[in-house]
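The following paragraphs lead the reader through a single protein chain. Please keep the sequence and the structure in view while reading.

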Amino acid sequence: MKNLRRIVAIMIIVTTFTGVFGAFAVEKPKTQSVWLAAAALDAPDTAEQLYEAAKKEGKVVIYSMSSRIKNVKADFEKKYPGVIVEAYDMRNTEIFEKIERENAAGINNADVIFVKDSDGTMANNFLKNGIVYSYVPKDIGAKVDDEFKTPGFAIYTEMKLVFYNTEAWPKGAPIDSWWDLTRPEWKGKIVLTNPMSAIETMGLFCSFIQHADEMAAAYEKEFSEPIKLSPGIKNAGYEFIKRFAANDLVLTNSDDEAVQAIGAPGQKNPPIGIATSSKIRETSKGLRLSFITNLSPRTSTKNPAYLNIVGGAPHVNAAKLLIRFMAGDSDGKSVGFAPFNVEGAWPTRSDVQGSSKITLSEMKLWKEDSDFNFYNFEQVTSFWLSLKK
């Protein structure tokens, strides 16, 4: 039902863009302009100034895609007594659906959302129509590349990577191209979370299609002949997805399940699979895991983790203070960022050292294109569903 609701939600968003969200822009400009003026999102605030104002507000409400928000809550409340963090750990799609419903009903509950935008919903619906705003503290923003300042303030980026079992392949990765995953020797041995419940994976599929020329060149490099598209297939990106889907994939309910299947010790013939890069931290639980960082034509697509202030946020000063805290504060050393500075997650700040052994600049990655994904996500989703019938 959740997958069906997501498909319906995508269709509703696309078909009612000028209706529902146009109405928001027309009906509430005065209210929104008053809130924006008071919010002063461009002001050069300091943490001390924000804390004094936040104490008067008393709390901040955040909808978070990450369960690690519970660590942030405890550390924030310890550092800033008198300001409570009301944190909700939710799936990305649930956050979007809840924000949309609350906005339509004129309810101002959330102050901050912590999400990814692999389907372009936030950039092309929420941000463009004043449902959310990007808030980047001035002093911190000077240390962050522009690509991580919109459609929200991304404090780190992850990506979907191919994982393998290091016990089975101690000398390194067993593949070097995405096209390897279409080979018969991997049939029935590729594990991943069902893409219908993982928007980052579907976003990666969008990248394959957007960069079909690179996928075609990678195919020719891998198989020493030009690619031949199947009847009715538009380009090499779609062709890859078709052949990949036909390789008897093992779909799981979560990335946790996927990496457990891949990395469990003692396997003679383990699968490989796709999971979020930060799942590499599961090695601390005894899993034999590593991820591949040099696949052809690109290793993956960046999936930034965005913090946004919700339009009309009732605790806007506390929201700004929380965002500063989670971003590491002025010096980058705030404990608010510590839960996210793990291997497989790359800080966006130039003055913060990441925990991964390889840097972003050393990996060949596509930049996530919110516009392309937004206008192609439904089509790619429908294509995937047609392959799995």
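Does phenylalanine 325 count as buried or exposed? At 0% relative accessibility, phenylalanine 325 counts as buried, where buried means under 20% relative accessible area, exposed means over 50% and partly exposed lies in between, for a 1.4 Å probe and protein chains only. The model is a predicted one, in which local features need pLDDT of at least 70 and side-chain atom pairs count only at pLDDT 80 or more, while totals for chains, interfaces and linings use all residues. Residues are numbered from 1 along each chain as its sequence is written, and side-chain values use heavy atoms, with hydrogens and water left out.

Rings of Phe, Tyr and Trp (for Trp, its six-membered ring) pair if their centres lie within 6.5 Å; planes under 30 degrees apart count as stacked, over 60 as edge-to-face and the rest as tilted. By this rule there are 26 aromatic pairs. One of them joins tryptophan 35 and tyrosine 133, whose ring centres are 5.6 Å apart and whose planes stand at 35 degrees, so the pair is tilted. This pair links distant parts of the chain, since tryptophan 35 belongs to helix H3 (residues 29–39) and tyrosine 133 to strand E4 (residues 132–133), 98 residues apart. Helices (H or I, at least four residues) and strands (E, at least two) are DSSP runs, numbered from the N terminus. Tryptophan 35 is buried, with a relative accessible area of 12%, and tyrosine 133 also counts as buried, at 16%.

A further pair brings the reader back to phenylalanine 325. Its ring and that of tyrosine 80 have centres 6.2 Å apart and planes at 75 degrees, so the pair is edge-to-face. Here too distant parts of the chain are linked: tyrosine 80 is in the loop between H5 and E2, phenylalanine 325 is in helix H13 (residues 316–326), and 245 residues separate them. Tyrosine 80 counts as buried, at 6% relative accessibility. Elsewhere, ring pairs link Trp178, Trp179, Phe205, Phe208, Tyr219, Phe223, Phe240, Phe244, Trp366 and Trp384 into a cluster.

The loop that holds tyrosine 80 also holds glycine 82, between helix H5 (69–79) and strand E2 (84–89). Leaving aside neighbours within four places in sequence, glycine 82 is in contact (heavy atoms within 4.5 Å) with Lys55 and Gly58. Lysine 55 has a charged end that sits over the ring of tyrosine 51, 4.6 Å from the ring centre; a charge sits over a ring if NZ of Lys or CZ of Arg is within 6 Å of the ring centre and within 35 degrees of the ring normal.

Attention now turns to open space. On a 1 Å grid over the protein atoms alone, a pocket is an open set of points where a 1.4 Å probe fits, with protein on both sides within 12 Å along at least five of seven lines; lining residues have an atom within 4 Å of a point. The largest pocket holds about 850 Å³ of space, a volume being the space filled by probe spheres set on the points, which are joined across faces, edges and corners. Its lining consists of 31 residues, and the closest to its centre are Met65, Arg91, Glu200, Thr276 and Lys279. By class, this lining has six nonpolar, eleven polar and 14 charged residues. Ala, Val, Leu, Ile, Met, Phe, Trp, Tyr, Cys and Pro count as nonpolar, Asp, Glu, Lys and Arg as charged, and the others, Gly among them, as polar.

The second largest pocket has a volume of about 270 Å³. Of its 16 lining residues, Ala123, Thr150, Pro151, Glu368 and Ser370 lie nearest its centre. Strand E10 gives the most to this lining, with three residues.

Most residues other than glycine have a negative phi, and most peptide bonds are trans. Threonine 150 and proline 151, however, are joined by a cis peptide bond with omega of about 10 degrees, and proline 151 lies in the loop between helix H8 (138–141) and E5. Serine 296 and proline 297 are likewise joined by a cis bond, with omega of about 5 degrees. Aspartate 248, although not a glycine, has a positive phi of about 55 degrees and is partly exposed, with a relative accessible area of 46%. Aspartate 329 has a positive phi near 60 degrees and is buried, with a relative accessible area of 9%.
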